[in-house]
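Please read this report with the sequence and the 3D view open side by side.

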Amino acid sequence: MKKILLIEDDVSIAELQRDYLEIDDFIVNIQHTGDAGLQQALQKNYDLIILDIMLPGVNGFEICKQIRAAKDIPILIVSAKKEDIDKIRGLGLGADDYITKPFSPSELVARVKAHLARYDRLAGNHSKINTVFVHGISIDKSSRKVHINGGEVPFTTKEFDLLLFLVMHPNQVLSKEQLYESNWGMESAADVSTVTVHIRKLREKIERDPAHPKYLETVWGAGYRFNV
């Protein structure tokens, strides 16, 4: 059974989420403060984290940042903060999804299942060709490590997924919607802004001059293309 850590200060919302998740046989632990939630997330093993932003003590953004630096598991932010800047910040810190309140508990469960299934597929996907080389970039599919010009560079799960997807579709123009659907596995209308955030992160890591990208090109009005 999959274990989920739910960090939410609103007791009624936390219990509602827990009830729906437990119906689908998830084991759910709840923490109501940022400090306790962060400590629990770092010290124990969970398959997925559900995280509010506005918490007593450490806020959700800092918790997301610290968890992502230490662990490669899905992080879902659930928050009443609806501004694009908050979504971009959360996704940029390594969250896999951002859900705004109010929301349907059934939708939350569906997204949890989708992210867990995607992580499981990626962990178990051992292709015959395990390493891809392009432009001095070495992508090891089995270890999920990336080396650029001989040195290892850390990538979050979604950054790795997106880079590999682009590299495996060279010289093709891919829309934001295509990239979102292929790498997040849900309806692209949910929030394609995450694609823009992750493209920027990739450029910062693989391009010599991210402001004038040579490899990961924007095709205005159409999407993005990885040039080889």
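Asn 149 is found in the loop between strands S8 (145-148) and S9 (151-153); helices (H or I, at least four residues) and strands (E, at least two) are DSSP runs, numbered from the N terminus. This is a predicted model, in which local features need pLDDT of at least 70 and side-chain atom pairs count only at pLDDT 80 or more, while totals for chains, interfaces and linings use all residues. Residues are numbered from 1 along each chain as its sequence is written, and side-chain values use heavy atoms, with hydrogens and water left out.

Although Asn 149 is not a glycine, its phi is positive, at about 50°. The residue is exposed, with a relative accessible area of 63%; buried means under 20% relative accessible area, exposed over 50%, and partly exposed in between (1.4 Å probe, protein chains only). Arg 144, in the loop between S7 and S8, also has a positive phi, near 55°, without being glycine. Its relative accessibility is 21%, so Arg 144 counts as partly exposed.

Another loop, between strand S5 (97-100) and helix H5 (105-124), holds Pro 102. The peptide bond leading from Lys 101 to Pro 102 is cis, and its omega is near -5°.

Now the interior. A nonpolar core is a set of buried Ala, Val, Leu, Ile, Met, Phe, Trp, Tyr and Cys residues joined through side-chain atoms within 4.5 Å. The largest one has 26 residues, of which Leu 163, Leu 166 and Phe 226 touch the most other members. Elements giving two or more residues to this core include strand S6 (131-134), helix H7 (176-184) and strand S11 (223-226). Which element gives the most to this core? It is H6, with seven residues. Beyond its neighbours within four places in sequence, Leu 166 is in contact (heavy atoms within 4.5 Å) with Leu 174, Leu 179, Ile 199, Leu 202, Leu 216 and Phe 226. There is also a second, separate core of 21 residues, among them Ile 63, Ile 73, Tyr 98 and Val 197.

Two helix pairs can be set side by side. Axes are lines fitted to C-alpha atoms, for helices over the stretch in contact, and angles run from 0 to 180 degrees between N-to-C directions.

| Pair | Angle | Axes |
|---|---|---|
| H6 and H8 | about 80° | 10 Å apart |
| H2 and H3 | roughly 10° | within 10 Å |

H6 and H8 are therefore roughly perpendicular to each other, whereas H2 and H3 are roughly parallel. Angles under 35 degrees count as roughly parallel, over 145 as roughly antiparallel, 65 to 115 as roughly perpendicular and the rest as oblique. On the H2 side, the contact with H3 is made by Gly 34, Leu 38, Ala 41 and Leu 42, and on the H3 side by Ile 63, Gln 66, Ile 67 and Ala 70.

In helix H2 (residues 34-43), the residues Gly 34, Gly 37, Leu 38, Gln 40 and Ala 41 are buried. Seen down the axis, these buried residues of H2 fall within an arc of 165° (the arc of the directions from the helix axis to the C-beta atoms), so they line one face of the helix. They pack against strands S1 (3-7), S2 (27-31) and S3 (48-51) and helix H3 (60-70). In H7, the buried residues are Leu 179, Tyr 180, Asn 183 and Trp 184. Their arc, seen down the axis of H7, is 100°, so they too line one face of the helix.
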